[in-house]
Amino acid sequence: MDESFELSTQAVRAGQVRSQFNEHAEALFLTSSFVFDSAAQAAARFTGGEQGFVYSRFTNPTVSMFQDRLAALEGAETCVATASGMAAILTAAMVHLKSGDHVVCSNAVFGATIQLFSGILSRFGIETSYVPPTRAEEWQKALRRNTRLLFLETPPTR
């Protein structure tokens with residue numbers, strides 16, 4: 001969408017793709033899966049050899065429209081929507097980390113975030129150090145040669 005449009009216009013129109021019915025507002029695609037022209041096309045889509053929707057839990061036109069709209073509002077090239085905040089954190093970790101990597105994380109994060117870094121990712125050889133969120137010198141001291149991710153959630157108020 002043209003970036004010269006006002007934010008309010010982008011909020012309701014960015015990312016919109018009309019179907020063959022030419023609806024005014026975006027349609028909700030409530031299907032679980034999509035039809036393919038052939039088994040070969042289905043195989044190509046499931047393996048990433050061909051672009052297109054395959055299964056709504058991966059993505060669908062409604063989610064794609066949301067992602068495009070959010071990217072437009074944020075001035076970003078693209079966006080990935082997840083079903084929850086924890087899914088977003090796991091996605092970010094999986095994109096940036098591998099076995100042998102190190103994470104520096106605020107010690108004032110949601111309990112499930114600690115469980116993810118210390119309980120789950122540690123089983124894959126990823127180590128995490130926790131530091132106070134407001135002490136920059138502690139963050140700097142915790143850095144290692146293999147540190148690949150610094151993680152901070154919105155600081156809590158106390």
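Read from start to end, this predicted model runs through the pattern α-α-α-α-β-α-β-α-β. That gives the chain six helices and three strands. The radius of gyration is 20 Å, well over the 15 Å that the globule rule gives for 158 residues, so the chain is more spread out than a compact globule. Along the principal axes, its C-alpha atoms fill a box of roughly 60 × 45 × 25 Å.

Now for the inside. Of the 158 residues, 28% count as buried. In soluble globular proteins, nonpolar side chains tend to be buried together. Here the largest nonpolar core has twelve residues, among them Ile89, Leu97, Val103, Phe117 and Phe151.

| Element | Residues |
|---|---|
| Helix 4 | 85-96 |
| Strand 1 | 102-106 |
| Helix 5 | 111-120 |
| Strand 3 | 147-151 |

Which residues does leucine 97 touch, leaving aside its neighbours within four places in sequence? They are Val103, Leu121, Ile126, Arg148 and Leu149. Across the chain, among contacts with a separation of 6 or more, 58% join residues 24 or more positions apart.

The accessible surface comes to about 10,900 Å², and 56% of it belongs to carbon and sulfur atoms. Leu7, Phe66, Leu70 and Leu73 make a nonpolar surface patch of about 340 Å². Helix 3 (residues 61-74) gives the most to this patch, with three residues. Leucine 73 is found in helix 3, and at 30% relative accessibility it counts as partly exposed.

Technical notes. Residues numbered from 1 in each chain as written. Predicted model: local features only at pLDDT ≥ 70, side-chain atom pairs only at ≥ 80, totals over all residues. Heavy atoms only, no water. Patch = residues over 30% accessible without salt bridge, like charges linked within 9 Å, V, L, I, M, F, W, Y side chains within 5 Å. Areas by Shrake-Rupley, 256 points an atom, 1.4 Å probe, with all protein chains shown as cover. Salt bridge = Lys/Arg side-chain N within 4 Å of Asp/Glu carboxyl O. Helix = DSSP H or I, 4+ residues; strand = E, 2+ residues; numbered from the N terminus. Buried < 20%, exposed > 50% of the residue type's maximum accessible area, 1.4 Å probe, protein only. Core = buried A, V, L, I, M, F, W, Y, C linked by side-chain atoms within 4.5 Å. Contact = heavy atoms within 4.5 Å. Rg over C-alpha atoms; globule rule 2.2 N^0.38 Å.
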